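Colleague: I have a model open and some questions about it. Can we go through them one by one?

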Amino acid sequence: ITYNIFHHKGIAIAVYLLGFFTQVQALQMAGAILFAHASFDRMLGYGLKYGNSFKNTHLGAIGKEE
């Protein structure tokens, strides 16, 4: 659950907007970094995790077959 929270693009956008509207630059930077990190993970094929296995993502299975 924690992994999915910090890798969800919607959460990243919400953090950035909170920083923007409250004029807190640290929140803006955190939101931008979270968004960039989540986007880079998607580019590499990593997705949000399902509860049954850390290797089972919304983009498909990742890693080597066991």
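Colleague: Which side chain of opposite charge is nearest to Asp41, and how far away is it?

Modeller: This is a predicted model, to begin with. The nearest side chain of opposite charge to Asp41 is Arg42, 5.4 Å away. Asp41 has no salt bridge, although it is buried.

Colleague: Where is Asp41, and what does it touch beyond four places away in sequence?

Modeller: Asp41 is in helix α3. Leaving out residues up to four places away in sequence, Asp41 touches Tyr3, His7 and Tyr46.

Colleague: Back up a bit. How many helices and strands does the protein have?

Modeller: There are three helices and three strands. Read from the N terminus, the order is α-α-α-β-β-β.

Colleague: What share of the residues is buried?

Modeller: Of the 66 residues, 20% count as buried. The accessible surface comes to about 4900 Å², with 69% of that belonging to carbon and sulfur atoms.

Colleague: And contacts? What share join residues at least 24 apart?

Modeller: Counting contacts between residues at least 6 apart in sequence, 32% join residues at least 24 apart.

Colleague: Surface next. Which residues make the nonpolar patch?

Modeller: Ile13, Tyr16, Leu17, Phe20, Phe21 and Phe35 make a nonpolar surface patch of about 580 Å².

Colleague: Which element gives the largest share of the patch?

Modeller: Helix α2, residues 9-22, contributes five residues, the largest share. Phe35 sits in helix α3, residues 25-43.

Colleague: Why does Phe35 count as partly exposed?

Modeller: Phe35 counts as partly exposed because its relative accessible area is 36%, and that class lies between under 20% for buried and over 50% for exposed.

Colleague: What about Ala14, which helix is it in?

Modeller: Ala14 is in helix α2. Its relative accessibility is 44%, so Ala14 is also classed as partly exposed.

Colleague: Change of topic. What is the phi of Gln23?

Modeller: Gln23 has a positive phi of about 60 degrees, and it is not a glycine. Gln23 lies in the loop between α2 and α3.

Colleague: Is Gln23 buried or exposed?

Modeller: Gln23 is exposed, because its relative accessibility is 61% and the cut-off for exposed is over 50%.

Colleague: How far is Gln23 from Ile13, C-alpha to C-alpha?

Modeller: The separation is 15 Å, and the two are ten residues apart along the chain. Ile13 is one of the residues in the nonpolar patch.

Colleague: Last one. Where is Gly60?

Modeller: Gly60 is in strand β3, which covers residues 60-61. With a relative accessibility of 25%, Gly60 counts as partly exposed.

Colleague: And how far is Gly60 from Met43?

Modeller: Gly60 and Met43 are 13 Å apart in space, C-alpha to C-alpha, and 17 residues apart in sequence.

Key: Residues numbered from 1 in each chain as written. Predicted model: local features only at pLDDT ≥ 70, side-chain atom pairs only at ≥ 80, totals over all residues. Heavy atoms only, no water. Patch = residues over 30% accessible without salt bridge, like charges linked within 9 Å, V, L, I, M, F, W, Y side chains within 5 Å. Areas by Shrake-Rupley, 256 points an atom, 1.4 Å probe, with all protein chains shown as cover. Salt bridge = Lys/Arg side-chain N within 4 Å of Asp/Glu carboxyl O. Helix = DSSP H or I, 4+ residues; strand = E, 2+ residues; numbered from the N terminus. Buried < 20%, exposed > 50% of the residue type's maximum accessible area, 1.4 Å probe, protein only. Contact = heavy atoms within 4.5 Å. Lys, Arg positive; Asp, Glu negative; His and termini not counted.
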